Amino acid sequence: MSGSKPDILWSPHHPDRYVICDSELGLYRIGPVGSSAETKAGTLPLSEETAATLLAINSDTPYMKCVAWYPKHEPECLLAVGQANGRVVLTSLGQSHNSTCKELVGKEFVPKHARQCNTLAWNPVDSNLLAAGLDKHRADFSVLIWDISSKFSPEASVASEKIRLSSVDLDSSTVVTKPLYELGQNDACLSLCWLLRDPKLLLAGMHRNLAIFDLRNTSQKTFVNTKAIQGVTVDPHFHDRVASFFEGQVAIWDLRKFEKPVLTLTEQPKPLTKCAEDMELKLQGNKQSVVYSGIKNIVKTSSGTTESRRCWSGSDRQTDVPRYLSEERSLALRLCGWISRGPDIDVEIFLRTLEQEREWERAAAVALFNLDIRRAIQILNKGATAEKGDLNLNVVAMALSGYTDEKSSLWREMCSSLRLQLKNPYLCVMFAFLTSEPGTYDGVLYESSVAVRDRVAFACMFLSDAQLPRYIDKLTNEMKEAGNLEGILLTGLTKDGVDLMESYVDRTGDVQTASFCMLKGSPGDVLKDPRVQCWIENYRNLLDAWRFWHKRAEFDIHRGKLDPSSKPLAQVFVSCNFCGKSISYSCSAMPHQGRGFSQYGVSGSPTKSKVTSCPGCRKPLPRCALCLMNMGTPVSNCPGTGKSDEKVDLTRENKLAQFNNWFTWCHNCRHGGHAGHMLSWFRDHTECPVSACTCKCMQLDTTGNLVPSDSS
């Protein structure tokens, strides 16, 4: 839409039609690609078989902010458009207007004060009712329910409405200025939906809460405080279930128990890399810190390598193929995912996993690299007979069965010349392996389409101690230049890993992956690298720019746990109203013999010191609105706070004051007092205890219970 990303609105009547809402409205129909679709202007290809054909365009509604499709079949293409000035305009798309549609198209519904219209919702039962949600205005309502069958504005205001709406003369019969219902005074409405269980109930996502309005009694509303106030919608299969969202969280609500969400779905961070998941890590330096140093460093320390010769399994040929074994090479194979823990190199578990994932070609290649040609043929045959399998795998299996080690044989000559015509890289490297001389496996090692972990595992099995480090170094440099995150398997989360990550960030700009990856497993000296700190700070700034402040705060907390040196100093503290100094900091500097924050409210011996004034300027601390005692005075002997209220022991280790003695205040009206007194007061009252203050403090608390409230 104007000033924002285009939106798509699907037709409630035809599953193959939708409207693109941008600077104009475009109606499209999805159908198979054909000669007519190819030649028609405005056709959008969706796939090889389908395309969206443009049916109609409407450019008569500028400054649109939201669109809602009329729910009934007649008139079929009637749309309501909410504009930036708050008007709601009825329009149509490419329809031969019947009498009903002609009366409605062009009608405008105008609020008393101009401000943006954020959302629209048609009543699914009484389709004459159209709800509009607008921005906040101090002297007007934000939820207006219009009756589209209204004929005209009050005669006394027609002239003034013409002047206010535009400089162009308007037909007064098309302008409606009196809504049927007005709800949500002095608030903003961001989303709306009608509840399917009762057409008289309207669910609104207001500025700080979800509110349910009943049109039969508009003086009351039921609401719950939450930040998830966007995109409210009703489950079409279970009418008591609704959903809303905020940033990366989706809240699921049950209308029968509306106090809190029954389920909260949180956006999961995107997976970084699966290079060392469920694998054994290499200890480096201090045994208390576990750091993955990469296969490059592991193979450099390889010692005690033994060469063994093994014959093919499942072949009549008894040719010996040299293979290399060592403790470090076995660890590398485990990191590549080929084998599990244990002294034996058994890839059968890995092969079964690949078969379950229908990676037939890769499984056959791994079996062949382990010199089991019969198992490779079995896997290929199984893949050919599987559902949606490739019948050509049978041909490849037949070619494998004719393997011969004679250098001048026709089989080797044909496989060497025709293997490059195979489309699957794993089938290609299988024949490259069979036709290569021992120690010269370039056709396998430098096939870029084969996964890095499979090439590294192959190298660890068939390259000598002299060849293996050279190949790993060369492959590592290629991964660095390409910025390929698969190279983390080789470099680890070391300085080499930072070089690779730098290339990745330069190519993609993905500072999120770089920040999380470096924080997760890098040693302290790597975290202090200026490049790593730059990625982390850019990611934090990016979250702030997107207004994902909660996500940024969660990231900072996570970062503080992994890198304690990054913890910031306290930025929020209780300060004196007179001198502005931190009360908590001043108190903590005083000798208190380990009492901690108990100085704010001592429930023990009366001989202990009580801080009832600012330690800096000695001015008195705020008074409790109920008992009129200064902050810091114990309340154990005050009426209304019995022993049963003082059973909360937050941390016995620090011997904090009882919760009833804590001082609490409302962030809206700034009034407050002892927590025990405030809780006792709000059990029986809804308004602030301070005279002449009408603030409903407890209802502003996100943890407060759902309380019906009279809307003023």
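This is a predicted model: local features need pLDDT of at least 70, side-chain atom pairs count only at pLDDT 80 or more; totals for chains, interfaces and linings use all residues.
**Close-up 1**
Zoom in on S1 and S2 (residues 17-21) and you'll find an antiparallel pair held over four bridges. For a landmark, take leucine 9: its bridge partner in S2 is valine 19.

**Close-up 1. The five-stranded mixed sheet that starts with S6.**
This one is an open sheet too, but here the pairing is mixed, and the order runs S6-S7-S8-S9-S13. The edge strands are S6 (64-69) and S13 (175-176); each has a single partner strand, so one side of each is left without a neighbour in the sheet. Further in, S7 (residues 78-83) and S8 (residues 88-92) pair up in the antiparallel sense, with five bridges between them. To find your place in that pair, look for leucine 78, which stands opposite serine 92 in S8.

**Close-up 2. Helices H6 and H8, packed side by side.**
H6 (residues 348-356) and H8 (residues 373-385) pack with their axes 12 Å apart, at an angle of about 15°. Anything under 35 degrees counts as roughly parallel, and H6 and H8 are therefore roughly parallel to each other. Their crossing is right-handed. On the H6 side, Glu348, Leu351 and Glu355 make the contact, while H8 brings in Arg375, Ile379 and Lys382. Sort the residues of this contact by class and you get four charged, two nonpolar and no polar ones.

The axes of H16 (residues 495-508) and H19 (residues 530-545) come within 10 Å and cross at roughly 40°. As for the hand, H16 passes H19 in a left-handed crossing. Look for Val498, Asp499, Met501, Glu502 and Val505 in H16, which meet Arg531, Val532 and Trp535 in H19. By class, the contact between H16 and H19 has five nonpolar and three charged residues, with no polar ones.

Technical notes
Residues are numbered from 1 along each chain as its sequence is written. Side-chain values use heavy atoms; hydrogens and water are left out. Two strands pair if DSSP finds at least two bridges between them. Helices (H or I, at least four residues) and strands (E, at least two) are DSSP runs, numbered from the N terminus. Axes are lines fitted to C-alpha atoms, for helices over the stretch in contact, and angles run from 0 to 180 degrees between N-to-C directions. A crossing is left-handed if the near helix is turned anticlockwise from the far one by less than a right angle, and right-handed if clockwise. Contact means heavy atoms within 4.5 Å. Ala, Val, Leu, Ile, Met, Phe, Trp, Tyr, Cys and Pro count as nonpolar, Asp, Glu, Lys and Arg as charged, and the others, Gly among them, as polar. Angles under 35 degrees count as roughly parallel, over 145 as roughly antiparallel, 65 to 115 as roughly perpendicular and the rest as oblique.
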